Amino acid sequence: MRRLASSAAAAALLCLAGAPSAHAVYDPIAGGSATLTLERSFASYLQANGITLSATAPAKKSGAKITLPVSAGKWDPTLGKGTAETEGAIVFKSRKKVPLKEIAVKAKPTPLLAKVGGGQLKVASSKSVKASRLGFGAKLTARKLALTAKVATRLNKKLRPEVPFAAGQAIGSLTTKVNPATVAVVPTGKATLVLDPAFRAKLESLFVSVNPISPAELSPGPLFSLPVAAEGQIAPDASAGTLRTAGALEFLQLGAGQVFWAEQWLDLAAKSGLAEVNLQPSPPFGGKQGQVGVLSLGPHSVTSEPKQRTVAVNGAPLALTAAAAAQFNEAFAAGKATFAAGGAFGTVSFTAQGQ
């Protein structure tokens, strides 16, 4: 048993040592907006040449501003890099139309791209592209946008203005704001488990002890703490994502069964607690079970702090799943239905730090 515990602890430490840093992790984009503000000189140029500029829904045009909703993409807010994909289109029209479709914004010297005709082209370049943090999300500002030669050629060919479009022609500025679906969790802080008194009493009646395996720890209460590990991700409202922890819990009945829960995850969308389960000794018990849903997560409150980029859950109720109840009945109750699905296990609290 000691060898197995040491092996599990070593594996947990290796996972932490080899886990990638939250730095340079791209967050999936759930929403936002990209607003193009036209230069007065460009608006005057279009008017003088009989060219109108309009937006196709869900994009909107109001005065000199065209706003396109951001619907997808990925962004690393720590490096200020990524791609934001928008919906709608921008349409140049005189005798013919030239729509700019599938418009995308990238944190590059050529930040504005679109499908023009048959393929995607770089629409405009900028000498001033700056990214900044915006709560859980990010903001990209590109000033002094200048038309690229390829797009100028395409517009001239279709629209035939009296005064041709020119490469380097100033068209305006672009402000893009992105909101993440989930943010990468920095491996800092701890998740805490408080066992339900009735569940603890049931274990004690069966002479079952609960022991932490490093780096998990036990404090008076009893309160188990498991360090938050890398590779997790969480929605700003904790409605989705996963929280990964390091360490393990050992449920031990001397002279009988032993159940290990290692590599524990909280799947917030599925409202499920997952663990790599190992039932020992094997035989007669089943040994390694792989990743199993051992806990269900009940309704709970969430505190979200965009400025600090933290998401906190306090005292969320946990209940045994049918699989976990079966494990405990097999290992500790000689197959009797002592533990049942839905039985209270305890509560979990954590504060997840977004990158």
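**Salt bridges, strands and backbone features of a predicted model**

The structure holds 2 salt bridges.

Q: What counts as a salt bridge here, and what sort of model is this?
A: A salt bridge is a side-chain nitrogen of Lys or Arg within 4 Å of a carboxyl oxygen of Asp or Glu. This is a predicted model, in which local features need pLDDT of at least 70 and side-chain atom pairs count only at pLDDT 80 or more, while totals for chains, interfaces and linings use all residues. Residues are numbered from 1 along each chain as its sequence is written, and side-chain values use heavy atoms, with hydrogens and water left out.

Q: Which side chain does E217 meet in a salt bridge?
A: E217 meets K190, at 3.0 Å from N to O. E217 lies in strand β16 (residues 217–219) and K190 in strand β14 (residues 190–195), so the pair ties together parts that are 27 residues apart in sequence. Strands (E, at least two residues) and helices (H or I, at least four) are DSSP runs, numbered from the N terminus.

Q: Is R244 buried or exposed?
A: R244 is buried, with a relative accessible area of 3%. Buried means under 20% relative accessible area, exposed means over 50%, and partly exposed is in between (1.4 Å probe, protein chains only).

Q: Which peptide bonds are cis, then?
A: A cis peptide bond joins Q280 and P281, with omega about -5°. The bond from P283 to P284 is cis too, with omega near 15°. P281 is found in the loop between β22 (272–280) and β23 (287–297), and P284 is found in the loop between β22 and β23 as well.

Q: Changing topic: why is β8 called largely enclosed?
A: In strand β8 (residues 112–116), 4 of the 5 residues are buried, so the strand is largely enclosed by the rest of the structure.

Q: Which strands pair with β8?
A: Strand β7 (residues 97–106) pairs with β8 in the antiparallel sense over 3 bridges, and 5 bridges join β8 to strand β9 (residues 119–125), also antiparallel. Two strands pair if DSSP finds at least two bridges between them.

Q: How many residues lie between the strands of each hairpin?
A: The hairpin of β7 and β8 has 5 residues between the strands. The hairpin of β8 and β9 has 2 residues between its strands, and there G117 takes a positive phi near 75°.

Q: What about S225, buried or exposed?
A: S225 is buried, at 6% relative accessibility, and is found in strand β17 (residues 223–227). The C-alpha atoms of S225 and A340 are separated by 25 Å, the two residues being 115 apart along the chain.
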